Amino acid sequence: KTMLPFTSESSSSQTSIPEYFHRLLHYPQMDFDYCLWQMVNLCISPSRVVRVGYLRKQSREQMTTSDPAFVVVQIIFLLVSSISYTIAYHSFNPTKIIEIIFYTILVDWLLVGVIVSTVCWLLANYYLYKDKSKSQNYSNNVNYQPKMEWLYAFDTHCNAFFPLFILLFVVQYFAAPFLLQDFFISRILSNALYLCAFTCYYYITFISYTDLRYLDHTEVFLYPIGVALFTFLACLILGVNLTEVFLTYYFNNS
């Protein structure tokens, strides 16, 4: 019997999904100082964030954060950026603003994040886990509980997403007038921005799982960087500007 990714062990040291989201309503209990420190350092020293986060979680005997402050702030940032992009590249249209907010937060960030987190959760617990006797025979062991919680995978996604957000939702917003120019250098910088954004995402994912000593071969989380590099080169050869593709997809605006 496989434990579903949205369930956890019945241990007081673990945070369940409902409990985590219930804490979203308790603003006074959120640690926004640590949240802001985390965001700054994810951009300049992500390994430090992973190490400090690991030690904080270990001291509490749980591998997931019980504080949703980071998620709350990230959602607010996504909300502001969605409104800003819509006003700048479409119009002050309430219907379009709501549509972009829906796709940005619920689809691009949450739905994709849930899918990526679940894939990483499965990889970590059933393929990369060092205890091969458990990870390979879990289907015959009704008492088997994966060592890594699903919320740890979702925490990792949120951390990895933040530098990507800074590059593609903030830097690209202000640099778009130049990136959209019909110059080769504009195309290089635009596509390089996407390459850097996704490289940061996969690198932070990699170091987050590497920090879990009970996992082997965590370098698999770096493999998508090869796909990102191939996409970068292919777009240059084909004359594709990814900033233009992004804006066209969301706003039908070339």
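**Cavities, pocket and rings**

Guide: Lining the second largest cavity are Ser81, Ser82, Tyr85, Ile100, Thr104, Phe169, Phe246, Tyr250 and Phe251. On a 1 Å grid over the protein atoms alone, a cavity is a set of points where a 1.4 Å probe fits but cannot get out, and lining residues have an atom within 4 Å of a point. The model is predicted, with pLDDT of at least 70 needed for local features and 80 or more for side-chain atom pairs, while totals for chains, interfaces and linings use all residues. Residues are numbered from 1 along each chain as its sequence is written, and side-chain values use heavy atoms, with hydrogens and water left out.

Visitor: How much space lies in the second largest cavity?

Guide: A volume is the space filled by probe spheres set on the grid points, which are joined across faces, edges and corners. For the second largest cavity that comes to about 60 Å³.

Visitor: How do the residues of its lining divide into nonpolar, polar and charged?

Guide: Ala, Val, Leu, Ile, Met, Phe, Trp, Tyr, Cys and Pro count as nonpolar, Asp, Glu, Lys and Arg as charged, and the others, Gly among them, as polar. For the second largest cavity the division is six nonpolar, three polar and no charged.

Visitor: Which element gives the most to the lining of the largest pocket?

Guide: A pocket is an open set of points with protein on both sides within 12 Å along at least five of seven lines. The largest pocket has a volume of about 620 Å³ and is lined by 24 residues, with Leu164, Leu168, Tyr194, Phe198 and Phe246 nearest its centre. Helices are DSSP runs (H or I, at least four residues), numbered from the N terminus. With six residues, the element that gives the most is helix 8.

Visitor: How many aromatic pairs does the count come to?

Guide: Rings of Phe, Tyr and Trp (its six-membered ring) pair if their centres lie within 6.5 Å; planes under 30 degrees apart count as stacked, over 60 as edge-to-face and the rest as tilted. By this rule the count is 28.

Visitor: Is Tyr209 buried or exposed?

Guide: Tyr152 and Tyr209 form an edge-to-face pair, 6.0 Å centre to centre with 80° between the planes. The pair links helix 7 and helix 8, 57 residues apart. Buried means under 20% relative accessible area, exposed over 50%, and partly exposed in between, using a 1.4 Å probe and protein chains only. Tyr209 has 0% relative accessibility, so Tyr209 is buried.

Terms used:
Helix = DSSP H or I, 4+ residues; strand = E, 2+ residues; numbered from the N terminus.
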